[in-house]
Number of protein chains: 4
Amino acid sequence: MTTSIGTQGRPSVAGPGSTGPVGYSLPLSPTGESAMLTPPPWHFSGEVIMVDYRVDPDAARRFLPPGLEPGADPGAAAAVFATWQWCSADGAELTDPGHCQFGEFLILLSCEFEGRPMARAPYAWVDQAVPMMRGWLQGMPKQFGVVHQSWPITVGKAGSRLAPGGRFDGALTVNGRRVVEASVTVERTTDQPPALHDVPLAHTLMFPEWVPSAEGPRPKLVASEVSDVEFSPIWTGSGDLTFFAGLGDDFQALAPLETVAGHVFSYGETLHGGRLLSDYSVSNGISHDHGGPSAEDPLHS
Amino acid sequence: MTTSIGTQGRPSVAGPGSTGPVGYSLPLSPTGESAMLTPPPWHFSGEVIMVDYRVDPDAARRFLPPGLEPGADPGAAAAVFATWQWCSADGAELTDPGHCQFGEFLILLSCEFEGRPMARAPYAWVDQAVPMMRGWLQGMPKQFGVVHQSWPITVGKAGSRLAPGGRFDGALTVNGRRVVEASVTVERTTDQPPALHDVPLAHTLMFPEWVPSAEGPRPKLVASEVSDVEFSPIWTGSGDLTFFAGLGDDFQALAPLETVAGHVFSYGETLHGGRLLSDYSVSNGISHDHGGPSAEDPLHS
Amino acid sequence: MTTSIGTQGRPSVAGPGSTGPVGYSLPLSPTGESAMLTPPPWHFSGEVIMVDYRVDPDAARRFLPPGLEPGADPGAAAAVFATWQWCSADGAELTDPGHCQFGEFLILLSCEFEGRPMARAPYAWVDQAVPMMRGWLQGMPKQFGVVHQSWPITVGKAGSRLAPGGRFDGALTVNGRRVVEASVTVERTTDQPPALHDVPLAHTLMFPEWVPSAEGPRPKLVASEVSDVEFSPIWTGSGDLTFFAGLGDDFQALAPLETVAGHVFSYGETLHGGRLLSDYSVSNGISHDHGGPSAEDPLHS
Amino acid sequence: MTTSIGTQGRPSVAGPGSTGPVGYSLPLSPTGESAMLTPPPWHFSGEVIMVDYRVDPDAARRFLPPGLEPGADPGAAAAVFATWQWCSADGAELTDPGHCQFGEFLILLSCEFEGRPMARAPYAWVDQAVPMMRGWLQGMPKQFGVVHQSWPITVGKAGSRLAPGGRFDGALTVNGRRVVEASVTVERTTDQPPALHDVPLAHTLMFPEWVPSAEGPRPKLVASEVSDVEFSPIWTGSGDLTFFAGLGDDFQALAPLETVAGHVFSYGETLHGGRLLSDYSVSNGISHDHGGPSAEDPLHS
């Protein structure tokens, strides 16, 4: 591996050798400037509409890989709509709003790793290619969807203000079919973040093997290291959540039994990289904790 | 004409007669519920990034129809990026964020009608079909474009806050080509709205004749009646504005000679309908003012 | 009205006067080159997947305006998916495939005007802004949708050939919801065009009044003049058609009772303009035929 | 690793263990049905517009990883627009045209591996998420772009027929900017496939390391195994190709010095998987050939 400096002043990981094209990711190019992805850290600032809900605990358990346990509240789940701006360390993407913005929807399931509360995202959709690919490199199963959500207004009449009774909606369309709708009506503010948005996410890092090996793919259970987590005051109230047909029985098994609460808030974080929780390819029920990073990812991205 | 009540409780204008399909607009249907457009009033709440700039006064004059004069400041122009939520009187669209949101970019030219300061929008683009069509019914020449603009953040590091030095960008792509980019860096707040966003818009209402008539199409100079105009505090500073090739020489003639200022603010209004300023088909230099509505459209939409 | 010559060598209809901006349509500009629409004639070449089906005759009748009668086969209907290329007389758009291509879905109902077989399109969707707006200028109620359809293959295995047993699908998504799916399995070729694709379309030309008049809007029943109609051999067989919820009860009333046949073919035409069948604003049950154009529109667009 | 059977009858690779969620790719789910990607083989049938051109040989060389040499014709390159249908072994995707179709643009550079003629794709763009992700799993650096290309017509006047003088255009927009335009005018048919479309592609398989290792990422040089390659008659003539600014200096270094020929044809193949050409992480200039598969990928996808 060779480290060179790309034209944007970012360190580039060499591809095939010191004389070949380089880059943090594909596409590799002479200077590394063509890489689709920039290396972390990445900053995120987003607007979130979130519904806490109850899921069938048995259904949720079937989505947990070895190493993750249902934990103290096995039927706790959440549906999260978020509209993000993101940028790399140097902030270069921020002058190009078509590049640095995306919408996201994801499902969170309550779980534990070695007794520590975490969340599992069995499904996620985004509306831009860069965060989709970046998700896979973290083990976050982002697919492509069309995501819409209300934003709070401060003037005029076309929307709700962040005030008691304000209503905020989210909708997800996948492959031309409406599959999720959510609605939150806020009543009061709190400084207490929603539980499932304030614990680390445990992802399974796994790529299909293009050149088959004897052992098969080696999935890894990973968590992300984050810093600079910041919440706005959280507007809390009630939530509605509906799953429509179209994504298959596995997804449908996570449909809401009842909703618990709804939240609207702003959220920021910086994502630095991943750490290994458990390497399935070498462990046989023996978990390997690899020491204590300063913080883990309350969310992503 | 027959007035019936559609299923959404809205008055519907009959199409061809009491026994035929009805609707405020096409498509006509038995109850009128299928109409693409709802009748006014429409409420709008939006986030605006605006650059005041100077244009060649002669170029601007060539975009003014008879009845409009260059006015006291003939080279004043503005480029406006806006992200809108809209709804009809009953607010029904607000629960469907994919339907009630759109992005817009437009150019404004300073002008006068009978000595009264107004603005002319020679070009406008939106990213949704309903506001495009609704624009044409008002005489506003909205075409389809891809519009992106920064939004202010309140937490995290991925963007600018509304604070001195905050930078906000806008970009317009038309038919696959980037044609406009703008950037505003804000320095201070003011309660004084930007001049070109605080005067009525004068549109030319004109449709091509599908069944040719002897007289040809009858363009009308119209203005819009609005109420409930609301501005947030206006963040003001400097602006940059670039036009790229791709839209033709007529558009390019309105390229900036220099920029004057930049603004970021929120804006709300309610749009009630149009009034005739001048009917070209019957006037020969004789303007007809049709009396005093309570207010005219500072912007649109 | 003044006629000038735009920069593309096309005649431009003056807007407000000889000294003002001109154009065949909005936006008006000094030379007319900025007009979103070009004047007819327009050429169309398309690939069509069509399902003939039976609709409730009473439901169909409620979509017919005065002047149109159900005719000899009142329950005959069709669902048409088409992928088009179009161009103006000089063909200029053809070098820009992102501009000259669009997808369309429409419903056709059998009807008669003064004893002559015609078709009525109560609903249509396209995936580009120019054909949507051009539809309204003809009275064709085009809205925005996402349209997909299979294309026949000639090599490889990823699709069907135009051969017995070949299957071709179409799907329409409107506002993020899948609302129509169709499938045709072809069995044999014929030179007989599908009946509803081979009769003129009768549209209602109507725009909401922005400046309200005492009389209200004046809808007109119009037909289009076409020439150079060309069909490929028509592959015919069976068809499936499903309407899903999401477009309201009026649309749903036109859902298929049964399907009759399916067709796959290529189609070309040149569209020259419209002619008046009946002017509702002056007629009281008295129809006015305005003479005999050489041909009327078998389809559109 | 555990192999189970998903609900679609496809073998699923287990994720973290026999009791956890499974799938060929993320997202993992109880039955494996939620996986974004299906396992190979995949069938492809496409329509291709291709321009052979000359590139600066030194610029091309800088895009070749260790193991690939410039070969006998070091300045040979091609720009390829293609519109694809694809499906898995069971053809399930074909009934959903919005899912099984995509557009693609890619650059090909002539090269050799151990004396054998191959092609290198330094850049590729597609307009759908599934083929983008599937590309990365093969080492093909697909990014997201908006791709348009003319299709040949057989009736009407809105386009060109596959006949002498027929013109076919392609255009690529990336991140809102037009970056490539191509045009081919065909003159005659041949059975000789274009050279760069008839050799295997050599990709670099590399993912950024989310959990950093001591060695860094291990890029691998791989080729794909294909079968059932099928070409239509190839229409050949002249080609034009233009690169516009917007993708950076590395991409621009591959801009055309001159164009050589243009081609329009249909193409089919079946893609079975990858084989290792060279493992950079263990080789030090020593190439490892891993035996002879029946065929390698003339193109991809």
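I began with one charged pair: the side chains of B:D96 and C:R177 meet in a salt bridge, with a nitrogen-to-oxygen distance of 3.8 Å. I keep in mind throughout that this is a predicted model.

**Entry: chain B against chain C**

I counted two salt bridges between chain B and chain C, and the rule for polar contacts gave 14 residue pairs across this interface, both partners at pLDDT 80 or more. I then listed the elements of chain B that give two or more residues to the side touching chain C, and found α2 (97-100), α3, β9 (142-144), β13 (202-205), β14 (220-231), α4 (249-252) and β16 (258-279). Of these, α3(B) gives the most, with six residues.

For the extent of the interface, I noted 75 residues from chain B and 74 residues from chain C in contact, and about 5500 Å² buried between the two chains, 71% of it on carbon and sulfur atoms. In chain B, the residues that lose the most area to chain C are B:L26, B:W136 and B:W210, which together account for 16% of what that side buries.

**Entry: helix α3 of chain B**

Which residues of α3(B) are buried? I found that the helix, residues 129-138, is mostly covered, with ten of its ten residues buried, and among them are B:P131, B:R134, B:W136 and B:Q138. Just after α3(B), I noted that B:G139 takes a positive phi of about 90°.

**Entry: chain D against chain C**

Here I found 38 residues from chain D and 38 residues from chain C in contact, with about 3000 Å² buried between the chains, 57% of it on carbon and sulfur atoms. On the chain D side, D:W151, D:V155 and D:K157 lose the most area to chain C, together 22% of what that side buries.

I counted four salt bridges between chain D and chain C, and I looked up one of them, in which the side chains of C:E230 and D:R161 meet at 3.9 Å, N to O. Polar contact between these chains comes to 14 residue pairs, again with both residues at pLDDT 80 or more. Several elements of chain D each supply at least two residues to the side that touches chain C, including β3 (42-54), α2 (97-100) and β15 (258-279), and β5(D) gives the most, with five residues. By class, I recorded twelve nonpolar, 18 polar and eight charged residues on this side of chain D.

**Entry: backbone exceptions**

As a reminder to myself, most residues other than glycine have a negative phi, and most peptide bonds are trans. I found a cis peptide bond joining B:P40 and B:P41, with omega about 10°, and B:P41 lies in the loop between β2 (11-13) and β3 (42-54) of chain B. In chain D, a cis peptide bond joins D:P40 and D:P41, with omega about 10°, and D:P41 has its place in the loop between β2 (11-13) and β3 of that chain.

For C:N175, phi is near 50°, and C:N175 sits in the loop between β10 (167-174) and β11 (177-190) of chain C, where its 30% relative accessibility counts as partly exposed.

Technical notes:
Residues numbered from 1 in each chain as written. Chains lettered and ligands numbered in written order. Predicted model: local features only at pLDDT ≥ 70, side-chain atom pairs only at ≥ 80, totals over all residues. Heavy atoms only, no water. Buried < 20%, exposed > 50% of the residue type's maximum accessible area, 1.4 Å probe, protein only. Helix = DSSP H or I, 4+ residues; strand = E, 2+ residues; numbered from the N terminus. Contact = heavy atoms within 4.5 Å. Buried area = accessible area lost by both parts, 1.4 Å probe. Polar contact = N/O pair within 3.5 Å; in protein donor to acceptor, adjacent residues only side chain to side chain. Nonpolar A, V, L, I, M, F, W, Y, C, P; charged D, E, K, R; others polar.
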